[in-house]
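Hi,

Here is the structure I promised to pass on. Have a look at it first, and my notes follow below.

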Amino acid sequence: LLRPFWALPLLLSLACKDADTRSASSQEKLYQAKMDEGRALMSSDQPAQAARSFSQASAMAPDRTEPLVLLSDAHHRAGNSGAAILALKQAMELNPAEAPDIKRKLAERYQRDGLSRQAIAVLIEMREADQLGDLDLLRLAHLQTQDGQHDEAFKTLERIQKQRPDDVDAKVVEAEILLAKGEEVLAAKLMDRLLTEQPALTAARVLRARYFLRNGYAEYAQQDLEQLSPEEGLKPENLHLRVEVLTALDRRADAEKLLVQGVLQYPRNADLLARLAQVQLELGNKTEAQSRVDQALKLQPGCSRAFYVRGLLAEAAGDTRRAREDFRMALDENKRFTPALAKLWTLQRQSGDLPGARDSLARLVGAGEGSLDDKVALAELYAQTRSGTEQGLKLIAEALKQDGKNPHYLAIQRDLKKALPTRKASGPIIMRGRR
């Protein structure tokens, strides 16, 4: 059967379109295969290999954000935080319409990596663009509080409280800010009122338990934490606090059981594994502790607590130089990891590095995690290094309110006053001569 000549161009056009369709379909199948391969590798705990698969999928579909977001997750699981953040930034540039959701993920990634200031910067940018809901605003205020930006935290909180002055969740964060500012009486009254009105308010109960623990009342902290539901009690952030309280009550065996339960529920949580290693070390089981630390660092090569516990193991073995290095590595990963600061300043003081000890302890106290003894020690270091004397006098005055006749406190106060810089006389000098 002969076809007319005029039909040949049409048939050629259809053939080309069919080839294009087949090519696009084949490309889509290859893309989906790489995405499935990456997901399977993530499920089998092979994040580095998964990252390669997602990277290849992204190259096949350069206009899609999904492979970049999954690539970020894979890099993070593999311990490559920088590459994880870069992938999210690339996704954000690729599709501005998805930018708010990706920015939210970016802030979470920064926060998880201990980069609180970067997380704050992203969330502030979203706040000014009215892209934050209440939960994100509360998270921003919480981060600002942790970073010592108390006035900025109140400014963030106002966005909720202007519309709903009695918002309960905002009141809890307000109490947290007051605690961080040192206004403990106001904070305590607010927490008590919130819990009287709503006894099941978990956030306020956890905050009050933290307040009790910091002020040396571990038994009251335990009473508050015992009222949490089983589900709330096993959340990682609450579980850590429960372990701290049990440790303060010298119930380490109970803390170990609790952590074993937590690790079973969150097997990929390197921080919980390292916390379990710490308790096992305190119980004298160094071999098991070392094994847990190695496991935690394999899961998350940048785990601050794992470096910290490795430092504790080195200190227990008498290797203080290695211990200091590990504590610094913990702080390199998370500058506000206060347990490492607490250990580092004592080792620095023991080695005669008083300025280093002073600076590390000042960071600890500035983070709102210093006990009264820490504040007294910092005041003494200010006196010994003849620096920060005004701040030292404020700290020792706080201690003297608790015990006004303490001879050690009074001696530090005298040394600080002696170290005060001499003030130069101001105004004209009148010379009086003899007649």
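Predicted model: local features only at pLDDT ≥ 70, side-chain atom pairs only at ≥ 80, totals over all residues.

Buried residues in H7 are Asp136, Leu137, Leu138, Arg139, Leu140, Ala141, Leu143, Gln144 and Thr145. The helix covers residues 134–146, and at 1.5 Å a residue its 13 residues should span 18 Å. After H7 comes Gly148, with a positive phi near 80 degrees.

Speaking of phi, most residues other than glycine have a negative one. Two spots to look at here:

- Asp250 is not a glycine, yet its phi is positive, about 60 degrees. You'll find Asp250 in the loop between helix H14 (236–248) and helix H15 (252–265), and it is exposed, with a relative accessible area of 60%.
- Arg386 also has a positive phi, near 50 degrees. Arg386 sits in the loop between helix H22 (372–385) and helix H23 (389–402) and counts as exposed at 57% relative accessibility.

Then there is a helix pair. How do H18 and H20 pack? Helix H18 (residues 304–316) and helix H20 (residues 338–350) have their axes 10 Å apart, at an angle of about 30 degrees. Angles under 35 degrees count as roughly parallel, so that is what H18 and H20 are to each other. The crossing of H18 past H20 is left-handed. From H18, Tyr308, Leu312 and Glu315 make the contact, and from H20, Pro339, Ala340, Lys343 and Leu347. Sorted by class, that contact has five nonpolar and two charged residues, with no polar ones.

Cheers

Definitions and conventions
Residues numbered from 1 in each chain as written. Heavy atoms only, no water. Helix = DSSP H or I, 4+ residues; strand = E, 2+ residues; numbered from the N terminus. Expected span 1.5 Å × (residues − 1). Buried < 20%, exposed > 50% of the residue type's maximum accessible area, 1.4 Å probe, protein only. Axes fitted to C-alpha atoms, helices over the stretch in contact; angles between N-to-C directions. Parallel < 35°, antiparallel > 145°, perpendicular 65-115°, else oblique. Left-handed = near helix turned anticlockwise from the far one by under 90°. Contact = heavy atoms within 4.5 Å. Nonpolar A, V, L, I, M, F, W, Y, C, P; charged D, E, K, R; others polar.
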